[in-house]
Amino acid sequence: MRKKTRDYANDYKIVSETAKNGKTKKHTVYTGKYYRYDMPKENLRALKLIYAVCAIGFVALYLAMGFSGSLSLGGDGESATAYVVLPYVILLLPVAMCAAKVAGIICTRGDFEFAQYDKYVLGLRKYSVVLTVSAVACAVGIVIYIIAHSKVSYADIIFSGAALANTALGLFFIRIQDRYDCINT
């Protein structure tokens with residue numbers, strides 16, 4: 001279903017119109033498929049609010065993990081642990097992309113053109129899965145760290161809790177997206 005970016009141009013036609021003064025104006029007209037969430041406006045507002053809360057939650061939990069001062073991330077002068085730091089750093093991309101895709105969905109008025117649907121709705125699904133897998137990797141990494149080291153701090157507990165909460169929120173977000181899909185109009 002995904003098109004290459006240059007193929008989106010095939011969904012548009014250039015139309016020439018002659019004005020009353022004799023000048024010709026050209027403008028583009030979308031001729032492709034439209035997509036929309038099949039629900040009343042009140043429910044759509046609620047869905048967009050849920051998406052926004054989830055995106056804010058992802059960012060807040062990511063920041064909580066980073067500012068926790070976890071020993072596994074190099075807090076308190078300890079050396080950073082690669083199997084915890086690497087998934088945490090990788091988690092930044094899907095968190096940022098999910099927030100951007102949610103912003104795109106919220107700002108879109110009316111139906112989605114195919115390019116918007118492909119970019120925002122389908123892209124959000126993919127990044128949500130990557131986000132959840134990265135959050136699981138963070139949770140597994142911190143659990144391994146806690147088991148392997150006898151020196152465990154409250155910051156490590158906060159980091160692991162935020163990683164698990166991010167995982168749970170990611171699973172919830174995927175479930176919401178599966179439940180409310182767009183239809184072709």
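**A buried serine and the aromatic pairs**

Modeller: In this predicted model, Ser68 is buried, with a relative accessible area of 14%, a value that falls under the 20% limit for that class. Ser68 has its place in the loop between α1 and α2, and its side chain reaches the backbone oxygen of Met65 at 2.9 Å. Once the neighbours within four places in sequence are left aside, the residues in contact with Ser68 are Ala155, Ile158 and Phe159.

A pair of aromatic rings is described by the distance of the centres and the angle of the planes. The count of aromatic pairs comes to 11. In one of them, Tyr37 and Phe112, the ring centres are 6.0 Å apart and the planes stand at 75°, so this pair is edge-to-face. Here distant parts of the chain are linked, since Tyr37 belongs to strand β3 (residues 34-37) and Phe112 to strand β4 (residues 112-113), 75 residues apart; both Tyr37 and Phe112 are buried.

For Tyr62 and Tyr88, the centres lie 4.4 Å apart with the planes at 5°, so that pair is stacked. Tyr62 sits in helix α1 (residues 41-66) and Tyr88 in helix α2 (residues 82-107), so the pair ties together parts that are 26 residues apart in sequence. Tyr62 and Tyr88 are both buried. Finally, one aromatic cluster is formed by Tyr8, Tyr35, Phe114 and Tyr117.

Technical notes:
Residues numbered from 1 in each chain as written. Predicted model: local features only at pLDDT ≥ 70, side-chain atom pairs only at ≥ 80, totals over all residues. Heavy atoms only, no water. Phe/Tyr/Trp six-rings, centres within 6.5 Å; stacked < 30°, edge-to-face > 60°. Helix = DSSP H or I, 4+ residues; strand = E, 2+ residues; numbered from the N terminus. Buried < 20%, exposed > 50% of the residue type's maximum accessible area, 1.4 Å probe, protein only. Polar contact = N/O pair within 3.5 Å; in protein donor to acceptor, adjacent residues only side chain to side chain. Contact = heavy atoms within 4.5 Å.
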